[in-house]
Amino acid sequence: MKLVSKYIDKENQGHLVLVPDEGEDMWHTYNLISEGDRLRASTIRKVQQESATGSSSSSRIRTTLTIQVETTDFDIGGCLLRVKGRNVQENKYIKMGAYHTIDLEPNRKFTLFKEEWDSVSLERVENACDPAKHADLAAVIMQEGLAFLCLITSAMTVDRAKIEVNIPKKGKGDDTQRKKASAKFFDMVLAAILRHLNFDIIKATAIQTDNRTLIENKSKFVLCHSSSGFKHSLREVLENPAVSAKLSDTKAAGETKALQQFMTMLGNDPDRAFYGYNHVSKANESQAIETLLVSDSLFRSKDLNERKKYVSLVENVKDNGGDVKIFSCLHVSGEQLDQMTGVASILRFPVPEIEEEDHELDSD
């Protein structure tokens with residue numbers, strides 16, 4: 001992401017001019033744009049034109065339009081963003097108040113106006129514009145006859161290929177057919193790796209087979225076990241010590257480690273691990289939060305007050321010296337956190353009175 005220009009006043013009102021460089025930047029853009037914001041960008045519009053004789057014709061023209069955002073739709077596979085809203089600035093082709101949908105895509109500049117740029121949004125822009133934050137892990141999750149090739153960036157997990165080959169079971173029919181099917185499967189996996197992975201930027205590749213034909217990049221491969229070849233097993237791969245050691249400085253690895261620590265604490269020392277806004281907020285009031293885990297999906301709520309309360313929680317935890325990890329709901333770790341309300345906390349010290357208060361309320 002490139003930050004072209006920035007103007008934000010003392011009230012945190014203002015605008016940023018941004019240019020997304022790649023697909024991951026579109027996910028950051030999706031998280032930045034909220035209902036009620038104004039978006040200015042170049043767009044295509046079909047317009048009706050009437051000639052001097054009274055006949056009319058339609059044509060597609062490119063114009064710069066400013067809309068007030070009502071809805072956003074993110075296409076994960078294509079990394080494209082569609083933003084719908086009403087025109088709020090004079091335009092010779094489009095009436096004031098008319099609906100229009102602007103398609104945002106990589107390498108196309110846009111301007112985003114907000115009544116309030118909160119700390120979470122500004123931090124996302126800072127991270128998106130920092131090249132060091134970009135993801136550098138590929139994973140091939142495999143079982144017999146099934147493989148998923150995924151790219152794991154700092155913000156999202158993107159499916160690049162799914163390989164399926166029907167491999168006959170052992171002891172059934174001619175073993176030659178089984179060998180041919182297995183060979184075909186591994187050839188297809190190899191072809192997908194060579195087609196979709198850029199080894200110049202990938203720091204490590206987790207794969208459940210050692211492929212000698214990629215010997216020049218052997219140091220980037222990590223062999224580890226997972227319970228299945230389905231994508232949800234990525235969580236097991238990221239938790240593997242061999243993988244986490246290679247990725248100790250990446251955002252995805254940090255999120256996985258924090259979630260793993262929370263789950264362990266929840267089982268072994270539950271008075272130091274809480275989830276759900278009410279419990280986490282009470283822990284924050286006691287300045288007890290060491291690490292706050294929060295899903296980015298909570299900051300996309302259409303309810304402005306709902307968004308603000310989570311922004312306030314993040315800011316308070318930081319002010320109290322706590323660490324905040326904002327999880328992407330497009331990572332397997334983020335998906336798991338969303339299943340637990342989207343917010344959780346690891347505490348510096350036990351706060352048993354949080355649970356005790358709930359028990360008292362239940363008994364009343």
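Entry 1: I worked from a predicted model. I looked up an open sheet of 4 strands and read its order as E13-E16-E14-E15. The pairing is mixed. I then checked the edges. Strand E13 (273-275) and strand E15 (323-327) stand there, and each has a single partner strand, so one side of each has no neighbour in the sheet. Neighbouring strands are turned by 15 degrees against each other on average, direction ignored.

**Entry 2: E13 and E16.** I looked at how E13 joins strand E16 (residues 343-347). The two run antiparallel, with 3 bridges between them. I found Ala273 opposite Ile346 in E16.

**Entry 3: helices across the sheet.** I followed H7 across E13, strand E14 (289-295) and E16; its angle to E16 is about 35 degrees. H8 lies across E14, E15 and E16 and runs at about 155 degrees to E14.

**Entry 4: Asn284.** I picked this residue in helix H7 (residues 277-285). Is Asn284 buried or exposed? Its relative accessibility is 10%, and the cut-off for buried is under 20%, so Asn284 counts as buried. I listed what Asn284 touches, leaving out residues up to four places away in sequence: Ile289, Leu313, Asn316, Val317 and Asn320.

**Entry 5: H2 against H8.** I looked up helix H2 (residues 119-128) and helix H8 (residues 304-319). Their axes come within 9 Å and cross at roughly 75 degrees. H2 and H8 are therefore roughly perpendicular. From H2, the contact uses Ser119, Val120 and Glu123; from H8, Val311, Val314, Glu315 and Lys318. I sorted the contact residues into 3 nonpolar, 1 polar and 3 charged.

Key:
Residues numbered from 1 in each chain as written. Predicted model: local features only at pLDDT ≥ 70, side-chain atom pairs only at ≥ 80, totals over all residues. Heavy atoms only, no water. Axes fitted to C-alpha atoms, helices over the stretch in contact; angles between N-to-C directions. Parallel < 35°, antiparallel > 145°, perpendicular 65-115°, else oblique. Contact = heavy atoms within 4.5 Å. Nonpolar A, V, L, I, M, F, W, Y, C, P; charged D, E, K, R; others polar. Buried < 20%, exposed > 50% of the residue type's maximum accessible area, 1.4 Å probe, protein only. Pairing = 2+ DSSP bridges.
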